Amino acid sequence: MKPPFISRALCAAATLSCGLASAQAVVPAAATAPSLKEVTVTGNPLGATDLIAPAAQYSGAGLLLRSKTTLGETLDGVPGVSSTYFGPNASRPIIRGLDGDRIRILGNGGATLDASSLSYDHAVTSDPISIERVEVLRGPGALLYGGSAVGGVVNVIDNRIPREPLFDEKGGVGGKVDLGLASGNREKSSGVLLEGGNNRYALHVDVFNRETGDVKVPTDLACGKGGINTITNRICNSGSKVHGGSAGGSVFFDHGYLGASVSTYRNNYGTVAEDDVTIDMKSNRVALEGELRDLGGFIRSVKGQLSHTDYQHTEFEGPNPGTVFKNKGSDLRLEARHARIGNLEGLVGFQSENNRFSADGAEAFAPYSKTAQNAVFAYEEYATSWGKLSFGGRLESVKVESLGNPLVARFAPLTRDFTPHSYALGALWNAAPGWQLTSNLAYTERAPKDYELFAQGPHVATKAWETGDPTLGKEKSTSLDVGANWKSGANSFNANAYVHRFKNYIGLLATGNQYGQENGALNPADLDGDGVDDNDPDNKLLPEFAYTGVRARFVGLEASGNIRLLEGASSVDLALRGDVVRATNLSNGQPLPRIAPARVGASLIWASGPWGSSIGFDHSMAQNRVADGQRATPAYTLWNMAATYRMKAGASNILWYAKVDNLTNQLAYSAASVLTTTAFPKAPLPGRSLKVGMQLAF
């Protein structure tokens, strides 16, 4: 039996749609490569190949060639997806202009837990080097994953708990080795993955490591690290050291499986907004998962997931530890799929999440808190002669409790209870051979997060005093999405238009007030306007940003396509992509902050035998539609190129690759990054960088 990593790698490499969202090379598959069915599970829990919700997935060579040091930057450039970009070490995906807790980051369909949505300088605890596949659901996913998925879902998938046998009854061992070097950040990365077993059990072990230095950029920047002032062409304090690993396994029986895994993640990195501040992060996770299939009665299958995460990071000022953030919690998810009733099939589910958060130190801008969420949901699909309909609902019970802080008097204990509910209706119409039209209508409610309710303190990383509102109500929104998809052989076209209206959009908006960073005084005297308290030269002033409920509207369009220009022993494809989103605060008519500009891109992709190459560009237009106090950003174009060569070495496959990002060394700033306004010009986008590497599958 062919080892599983060779099969999966060859299949992913041959899947054109999985790797064309940015300039990258197609890796041709061998003629003997098996054809594995690819199913995007995030957008459809029933495993249907025709998806109503707009979704994309990346794996194999497609994921390898677009991979960056963070999840946000890895997905940036996918139509509808941008990044919060707090330098090269911390960024979350932004989907259709929505970020933070409106985007749900999952691990194998279950909840993940960290502090990345609390602050832009907090990294996501998923490193691209350890990911086997990533799926992106654009648009509301609240029906299946809760109100925190109102903007979309990013599902990070690995095989740490194997769900299917990897080998037949004779057994075997397979694995993968990744090695990479990059010039722009002096990156050295490596990863090893081993799997073994037979048709009754499977074991999985993986480890990874990546070290980077300060990132090179196309301009000179000031750096005061270690108290020494210098001028450099690198982003000061942007290096990182990441390592982690996991061990897991599953046992298989005639009608299902049961598996478990333990994993750890460590990340020590510089926060680019402050020259001497680093974050030492660690996260440990234990997961249990199982499924019973082919039960024979009305309930055909039952799937369960249970996980517990212990997360902590410490912010160091030079060698001295400062604020410590902790987040511990558990997640339980159960799904029961019922037997087909005529043309109707679907599932019902239950989800429970509990977490306890704390922050101790000078920059503890949110209190200790405890959050408990329980939900029931249902999802159904009805097949018709012309396509299908989908519909469902979700009811949640959310309790958010401030526990105060024994060392900070401004945090008071308080409890809020919410009962969000969400509904969705979708349709897919097979309009003509090769053509599908889709539409989605969703009503979503989201309970405010603990920090949106109870924050009150200095947030030095973003140079702001953040204030919560304990009286906030549920965030309510209605969205409509319509799409058109066409495919004929290697040629394809996809487009989606959407509108998203919020009745109580919870935004972090400027109030015009200032607070003293040291004493917490409101609007201290600053007659000379130097940002320092006139009566206390050590008391810097921070502008207040308050979590405020406003009416808001997001309107956008995203499109992608592929044109086969040459067919034969060699192939040439032209991949096209583009998106635009316009976000407005309807309460005051102002644009909402940190919205990516209109973007277009194209890649020319050549493949011949074991060789592949590509060259392409992504153009971001100027973003002049900004809120008061925000900085406009000029247009820029980033060129990229890549080349691959695949060879066999006995029973193994080796993929060699090289890619160049920002080929012309263009100076560029992200309109979606808070750094563009608060730390300009400290953190432009990375300059030219060459990365070379190899991936061995055996």
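# Questions on a predicted model

Biologist: Is Tyr85 buried or exposed?
Modeller: The cut-off for buried is under 20% relative accessible area. Tyr85 has 2% relative accessibility, so Tyr85 counts as buried.

Biologist: What is the phi of Tyr85?
Modeller: Tyr85 is a residue other than glycine, yet its phi is positive. The value is near 35°.

Biologist: Is Arg186 buried or partly exposed?
Modeller: Arg186 lies in the loop between strand S8 (172-182) and strand S9 (188-197). Arg186 is not a glycine, but has a positive phi of about 55°. Its relative accessible area is 48%, so Arg186 is partly exposed.

Biologist: Which residue is joined to Cys223 by a disulfide?
Modeller: The structure holds one disulfide. The S to S distance is 2.1 Å, and the cut-off is 2.5 Å. The partner of Cys223 is Cys236.

Biologist: How many residues apart are Cys223 and Cys236?
Modeller: The pair links distant parts of the chain. Cys223 is in strand S11 (residues 216-223). Cys236 is in the loop between strand S12 (230-234) and strand S13 (240-253). The two are 13 residues apart.

Biologist: Is Cys236 buried or exposed?
Modeller: Cys223 has a relative accessible area of 11% and is buried. Cys236 has 4% relative accessibility, so Cys236 counts as buried.

Biologist: Which are the edge strands of the open sheet of five strands?
Modeller: The order is S1-S6-S7-S4-S5, with mixed pairing. An edge strand here pairs on one side only. The edge strands are S1 (55-59) and S5 (110-111).

Biologist: How many bridges join strand S6 to strand S7?
Modeller: S6 covers residues 133-138 and S7 covers residues 152-157. The two run antiparallel, with Leu137 opposite Val153 in S7. The number of bridges is six.

Biologist: What is the separation of the C-alpha atoms of Leu509 and Gly171?
Modeller: Leu509 is in strand S27, and its 17% relative accessibility counts as buried. Its contacts beyond four places in sequence include Glu544, Phe545, Asn585 and Pro593. Gly171 and Leu509 are 338 residues apart along the chain. Their C-alpha atoms are separated by 59 Å.

Biologist: Which residue in the turn of the S30 and S31 hairpin has a positive phi?
Modeller: S30 (residues 599-608) also pairs with S29, antiparallel, over ten bridges. S30 and S31 (residues 611-620) pair in the antiparallel sense over ten bridges, with Val600 opposite His619 in S31. Two residues lie between S30 and S31. The one with a positive phi, about 55°, is Gly609.

Biologist: Which residues that line the largest cavity are the closest to its centre?
Modeller: The structure holds 14 cavities of 30 Å³ or more. The largest has a volume of about 950 Å³, and 49 residues line it. The closest to its centre are Lys68, Glu73, Asp76, Leu638 and Asp661.

Biologist: Is the peptide bond from Phe680 to Pro681 cis or trans?
Modeller: Pro681 lies in the loop between helix H6 (675-678) and strand S34 (689-697). Omega from Phe680 to Pro681 is near 0°. The peptide bond is cis.

How values were computed:
Residues are numbered from 1 along each chain as its sequence is written. This is a predicted model: local features need pLDDT of at least 70, side-chain atom pairs count only at pLDDT 80 or more; totals for chains, interfaces and linings use all residues. Side-chain values use heavy atoms; hydrogens and water are left out. Helices (H or I, at least four residues) and strands (E, at least two) are DSSP runs, numbered from the N terminus. Buried means under 20% relative accessible area, exposed over 50%, partly exposed in between (1.4 Å probe, protein chains only). Two strands pair if DSSP finds at least two bridges between them. On a 1 Å grid over the protein atoms alone, a cavity is a set of points where a 1.4 Å probe fits but cannot get out, and a pocket is an open set with protein on both sides within 12 Å along at least five of seven lines; lining residues have an atom within 4 Å of a point. Grid points are joined across faces, edges and corners, and a volume is the space filled by probe spheres set on the points. Contact means heavy atoms within 4.5 Å.
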